[in-house]
Amino acid sequence: MKLGVVFPQTEIGADPGGVREFAQAVQELGYDHLLAYDHVLGADVSDRADWSGPYTSEHQFHELFVLFGYLAAIVPGLELVAGVLVLPQRQTALAAKQAAEIDILTGGNFRLGVGLGWNFVEFEALGENFHDRGKRSEEQIGVMRRLWTEPVVDFDGRWHRIPHAGINPLPVQRPIPIWIGGSAEAAVERTARLADGFFPQRPIDGDWPKTFELFRGWVEAAGRDPEQIGIEWRIDVSSGTPDDWRAEVEERKQLGATHFSLATMRGGLDVDGHIARIQEAREALA
């Protein structure tokens, strides 16, 4: 079992000292990885009565790739995980280049989790189409894997044209592992076909056993081995007791979880409080 921590994006603050202190605590406590969420822009919802998203312009997010470049220097050896990067709102070649650089700076201790995103405001501001993001993301994944493994790529697809060009230097991992986070049936099926790992979000029809039965069926239909695809579950340790956390870990392991990330956000904690909670959780789940 691999055990990591969710970087508390919305509560860590803008002081780089707090970022450093938290990341170093994660490493010193013996966690395997540090996972971070992604958003570029938050929407002002003062005149959006129908807004249903969990984050707004009031929520702070450090930019993922820049953050990871900083963390690679201050916590060498700790695996960094994007969980998840909103891939279709980004230029594919640039995201591939940035991911390759993080992989180099971490010595190959990097996993790129990707997802489709839900914040249409971000897509509009970044100049990308919100409505074709699912199919487009599939082509993006294929393009990125080629850019990570071939010095020169010639590609002419539906959304991408690369005329005999490549990124240099190439990453340590060729290709970088791509994990997918999603909850819609199409997203879970896409994960089964294309991903190296899965971040479960919400179950299909509210039923986790059914979700994983479908997932494994789609994996096998794609000619792949379900045992070769990692599953990382997020465990909320912002509340509850160590017994609650242990029980949830055991329940999720029965569904096939191979990795866990512990989330302390939404517990009203400051930096010291987040560190104290991940220490408590580490001791409970050791």
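Guide: Contact here means heavy atoms within 4.5 Å. The model is predicted.

Visitor: Which residues does leucine 71 touch, not counting residues up to four places away in sequence?

Guide: Leucine 71 touches Val19, Ala23, Leu34, Pro76 and Leu80 on that count.

Visitor: How should I read a nonpolar core, and which members of the largest one touch the most other members?

Guide: In soluble globular proteins, nonpolar side chains tend to be buried together. In this structure the largest nonpolar core has 71 residues, and Leu34, Phe68, Leu71, Leu112 and Trp148 touch the most other members. Another core, of 11 residues, lies apart from it, with Val6, Phe61, Trp179 and Phe199 among its residues.

Visitor: How do I read the packing of helix H6 and helix H7?

Guide: Two packed helices are described by the angle between their axes and the distance between the axes. For helix H6 (residues 185-194) and helix H7 (residues 208-221), the angle is about 45° and the axes are 8 Å apart. H6 and H7 are therefore oblique to each other, and their crossing is right-handed.

Visitor: Which residues of H6 and H7 meet?

Guide: From H6 come Glu185, Val188, Glu189, Thr191 and Ala192; they meet Phe215, Trp218 and Val219 of H7.

Visitor: Where is arginine 277, and what is it in contact with beyond its neighbours within four places in sequence?

Guide: Arginine 277 sits in helix H9 (residues 271-285). With those neighbours left aside, arginine 277 is in contact with Val237, Ser238, Ser239, Trp245, Thr264 and Leu269. For valine 237, the backbone oxygen lies 3.0 Å from a polar side-chain atom of arginine 277.

Notes:
Residues are numbered from 1 along each chain as its sequence is written. This is a predicted model: local features need pLDDT of at least 70, side-chain atom pairs count only at pLDDT 80 or more; totals for chains, interfaces and linings use all residues. Side-chain values use heavy atoms; hydrogens and water are left out. A nonpolar core is a set of buried Ala, Val, Leu, Ile, Met, Phe, Trp, Tyr and Cys residues joined through side-chain atoms within 4.5 Å. Buried means under 20% relative accessible area, exposed over 50%, partly exposed in between (1.4 Å probe, protein chains only). Helices (H or I, at least four residues) and strands (E, at least two) are DSSP runs, numbered from the N terminus. A polar contact is a pair of N or O atoms within 3.5 Å; within protein, one must be able to donate a hydrogen and the other to accept it, and residues adjacent in sequence count only if both atoms are side-chain atoms. Axes are lines fitted to C-alpha atoms, for helices over the stretch in contact, and angles run from 0 to 180 degrees between N-to-C directions. Angles under 35 degrees count as roughly parallel, over 145 as roughly antiparallel, 65 to 115 as roughly perpendicular and the rest as oblique. A crossing is left-handed if the near helix is turned anticlockwise from the far one by less than a right angle, and right-handed if clockwise.
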